[in-house]
Amino acid sequence: MAPLLQRETGRRALCIGVADDDAVPPLPDVTWTRLWLARGGYGGDLRGRADEPLPFIDEAFDLVWLQHALEPAPQVAALLAEACRVLAAGGVLAVTAVHPLGGWAPWFCWRARGQRQSLQWPGRLRQQLRRQGLEIESLRRLGAAWPGDARPAGGDSRWGGGYLLLARKQRRQAIPLKLRPLPARAPVNARLSPGTRRHSVS
């Protein structure tokens with residue numbers, strides 16, 4: 001993730017994952033706030049319930065990374081909406097997830113037996129993010145094609161088991177206002193200046 005996010009600017013980043021030992025990319029001059037979903041709530045730097053809004057003000061982060069957080073989320077649409085809310089204008093939302101048609105999908109469902117998990121279609125996520133006012137910059141398959149693949153897991157892969165979606169939040173456009181000119185009333189001075197002749201103004 002570090003090479004993919006290296007060009008992003010900003011100093012405030014939020015990562016929502018599923019495990020307390022998930023690493024975040026060492027981006028220069030970036031301070032990470034880390035949360036992870038566990039037992040219907042958030043753990044990490046802050047604690048809260050998963051069915052409640054994120055405990056941050058609007059546009060608090062320049063970068064938000066949902067690190068396989070959509071699969072166990074109790075309400076996927078609500079988590080996406082909250083991620084967009086806390087993302088600053090011009091900031092980037094990164095979503096990593098297991099592809100439903102990848103070779104990792106059966107293994108993932110087997111490992112998650114007994115737990116609520118739902119694989120998200122990248123095309124549907126793209127539509128939802130566009131409705132939230134984000135512009136899709138990149139959608140690519142990543143990782144090995146199936147568990148046990150000896151090839152490196154990083155980098156682009158046509159048949160990769162996961163995918164990465166990058167979307168940028170649009171800046172608010174200023175609406176120019178057309179000001180209506182108001183007539184200015186100037187006071188009328190009925191007095192004549194000194195030395196003015198009466199017949200010259202009649």
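Two strands count as paired if DSSP finds at least two bridges between them, where strands (E, at least two residues) and helices (H or I, at least four) are DSSP runs numbered from the N terminus. In this predicted model, local features need pLDDT of at least 70 and side-chain atom pairs count only at pLDDT 80 or more, while totals for chains, interfaces and linings use all residues. Residues are numbered from 1 along each chain as its sequence is written, and side-chain values use heavy atoms, with hydrogens and water left out.

Strand 5 runs parallel to strand 1 (residues 12-17), and 4 bridges join the two; here leucine 14 stands opposite valine 64. Strand 5 also pairs in the parallel sense with strand 6 (residues 87-98), over 6 bridges, and leucine 66 has valine 95 of strand 6 as its bridge partner. Strand 5 is mostly covered, with 7 of its 7 residues buried (under 20% relative accessible area; exposed means over 50%, and partly exposed lies in between, using a 1.4 Å probe and protein chains only).

Together with helix 2 (residues 76-86), strands 5 and 6 make a right-handed β-α-β unit: with the strands pointing away from the viewer, the path from the first strand over the helix to the second runs clockwise.

In the loop between strand 5 and helix 2 lies histidine 68, which is partly exposed at a relative accessible area of 30%. Its contacts (heavy atoms within 4.5 Å) include Val18, Thr96, Ala97 and Val98, leaving aside residues up to four places away in sequence. Histidine 68 and valine 98 are 30 residues apart in sequence, yet their C-alpha atoms are 7.4 Å apart in space.
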